[in-house]
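Q: I have a protein model open and would like to go through it slowly. Could you help me read it?

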Amino acid sequence: MDNQRNLILAVVLSAVLLFGWDFAMRHYFPESEDAVPANMASREDVPQARLDSDAVRGEAVSEIAVAVDLDEAIAAPGRIAIEAPEVVGSINPVGARIDDIDLTTHRQTVDKDSGPVRLFAPAGTPGQQYAQFRWLGDGVSLPDSETRWQVIEGDTLTQDSPVTLGWNNGAGLTFRQKFTIDDHYMINVTQTVANTSGSTLALRPYAMIVRTDANASPDTFNVHSGPISAHDGSVDFGTNYDDVTDDGTVSVEGRTNWVGFTDIYWMSALIPDSAQAASSTFRAQGSDLFRAELLYAPVNLPAGQQMSRSTRLFAGAKESAVLDMYQDQGVTKFGLAIDWGWFRFIAWPIWQVLIALFDLTKNFGVAIIFLTVIVRGIMFPIAQKQFKSMAQMRVVQPKMKALQERYKDDKGKLQEEMAKLYKEEKVNPLAGCLPIFLQIPIFFALYKTLLLSIEMRHEPFMLWIKDLSAPDPLHFLNLFGLLDFTPPGFLAIGPLALLLGCTMYFQFKLNPTAMDPTQQQIFAFMPWIMMFVMAPFAAGLLLYWCTSNILTIAQQKYLYAKNPQMREMAEREAAAKAAEREKAKG
């Protein structure tokens, strides 16, 4: 029994260590919060006369100390409006940049009058992020970031009306960019160049996303934020902004399926023409600026002919259903842009069940409670076996203690006799641990689901809980907001954290008493330690754990009622321990 309890204790402490480490790193060693640099307006040099990927390096931005105001930038004349069901913004005709995107279905905060989330912003603004579609060429005049494109077709980009921009280099090359957008977050850009110069020219189409990491979400051991790519049919989360800064250039191996940047909830990615092989690279440009590049193979364009490449730009929210829809439409592994982690095989089904329950209840908090009931119901037969195993272990405990006394100086013989005793009594000492081992991956899977799923963002439960993906907003130390200060994370104890501690305390009280006094003390303190550790985590996660604890207590009460001998044994032990305490006091 002692071995069983030690194993359970090790599992619990491992979970505490894992969550506690994440909490400590986020709260005591946070990401740098230096002031957002005044991101600079930029000019680009003429490309070098090469067509390999390093030619793009010749277009690195040259910074000048002029900050750009966001409102002034997007109010500049000549911009082409974007008006789609989930995306609004504009295209800058200077450089043909897509540099102004708001996500209309997602608010910045839980306030109902909060503005939409801004994803793309013009170059030089504090949160700059934008996409451009360009060409490399050998000894030819090409459009650059300062080129002013002319509107050839359309004045507003909608899902029903495309926009086409054009530019002529005056030396026999005519360039076109046609923009279309769907009902969600996908913009398709078809680059076309016609050669009327009278000679064959070497050209290479490419596209890029430029962004600052100053407003990026934190990159932690369990949630990736930063450069992301899919190549050769697999998704790579292994590169972060620091890696690109240290190396200067990070090349993506193999054939690129898509490439870009991800935050916890948002992503911008370039998806190449499915009929064309493409490569990609990440580059650091200094001053917190990074670039993801998608390059097609060079093409020799004969006189009198034209070439086209179609590249899709995803700029939006990482909604699971939308990503899966694009994956079904041919974007390789796009659904895996959400980093479900090691427990994806559990997290994804749990998420599907949670979504189905939400469709029924219209409240994610109620859906989490129902999910917990389902999980506990599935595990109920296992809990019964655990209880039976615990009862059997209690029956053989006197024999175990006798063996421990008899062979206390011979560990090998003791293990041999203990195994023999387990076999004779048909007792499995590890059976009681099975529910815990099953519960841990479910818990972590739900943790990842609540952390990553944008569908949970800003979803209320009831009363004071306005966002299940955020910590409990009420704190005892500031008298629920009456005092003007915010307690540090581990002291931000709210009603849900207190309920978790109390339910875990009563759950442990119903468990068989540990014989080792040290273990008794550990289990006595564990609920309150977990209360402090879990306080900074999402309210939805605490709601799941509290509900699970309450259901576990109900199960224990039921099983005690079905096994009166277990209850009698527990009562006798409690009485004996009370007598020992009284004797010690006397």
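Q: Which residue forms a salt bridge with aspartate 100?

A: Aspartate 100 forms a salt bridge with arginine 118, and the closest N and O atoms are 2.8 Å apart. A salt bridge here is a side-chain nitrogen of Lys or Arg within 4 Å of a carboxyl oxygen of Asp or Glu. Please keep in mind that this is a predicted model, in which local features need pLDDT of at least 70 and side-chain atom pairs count only at pLDDT 80 or more, while totals for chains, interfaces and linings use all residues. Residues are numbered from 1 along each chain as its sequence is written, and side-chain values use heavy atoms, with hydrogens and water left out.

Q: Where do the two partners, aspartate 100 and arginine 118, lie in the chain?

A: Aspartate 100 is in strand 5 and arginine 118 is in strand 6 (residues 116-120), so the pair links distant parts of the chain, 18 residues apart. Helices (H or I, at least four residues) and strands (E, at least two) are DSSP runs, numbered from the N terminus.

Q: Ok, and is aspartate 100 buried or exposed?

A: Aspartate 100 counts as buried because its relative accessibility is 7%, whereas arginine 118 is partly exposed, with a relative accessible area of 28%. Buried means under 20% relative accessible area, exposed means over 50%, and partly exposed lies in between (1.4 Å probe, protein chains only).

Q: Which residues are linked with Asp100 in a network of salt bridges?

A: The network links Asp100 with Asp102 and Arg118.

Q: How many salt bridges does the count come to?

A: The count comes to 7 salt bridges. Among them is the one between aspartate 99 and arginine 79, whose closest N and O atoms are 2.8 Å apart. Aspartate 99 sits in strand 5 (residues 97-107), and arginine 79 is in the loop between helix 2 (70-74) and strand 3 (80-83), 20 residues apart. Both aspartate 99 and arginine 79 are buried.

Q: What about arginine 283, which side chain does it meet in a salt bridge?

A: The side chain of arginine 283 meets that of glutamate 293, at 2.8 Å from N to O. This pair joins strand 19 (residues 278-286), which holds arginine 283, to strand 20 (residues 289-296), which holds glutamate 293, and the two residues are 10 apart. Arginine 283 counts as buried at 4% relative accessibility, and glutamate 293 is buried as well, with a relative accessible area of 0%.

Q: Switching to helices, which residues are buried in helix 5?

A: In helix 5 the buried residues are Ile346, Ala347, Ile350, Trp351, Leu354, Leu357 and Phe358. They cover an arc of only 130° around the axis, which puts them on the same side of helix 5. The arc is that of the directions from the helix axis to the C-beta atoms. The face turned away from this buried side carries the exposed residues Phe345 and Leu360.

Q: Why would residues a few places apart point the same way?

A: An α-helix has 3.6 residues a turn, so residues three or four places apart point the same way.

Q: And helix 7, which of its residues are buried?

A: Those of helix 7 (residues 411-425) are Leu414, Glu417, Met418, Leu421 and Tyr422. Seen down the axis of helix 7, they fall within an arc of 145°, so they line one face of the helix. The face turned away from the buried side carries the exposed residues Gln415, Lys423 and Glu424.

Q: New topic, how many disulfides does a search of the whole structure find?

A: The search finds 0 disulfides, a disulfide being a pair of cysteine sulfur atoms within 2.5 Å. Cysteine 502 is in no disulfide, and the nearest cysteine sulfur, that of cysteine 546, is 9.2 Å away. Cysteine 502 is partly exposed, with a relative accessible area of 27%, while cysteine 546 counts as buried at 2% relative accessibility.

Q: Last one, where is leucine 463 found?

A: Leucine 463 is found in the loop between helix 8 (434-452) and helix 9 (495-510). Its phi is near 55°, a positive value in a residue other than glycine, and leucine 463 counts as exposed at 64% relative accessibility.

Methods: Expected span 1.5 Å × (residues − 1).
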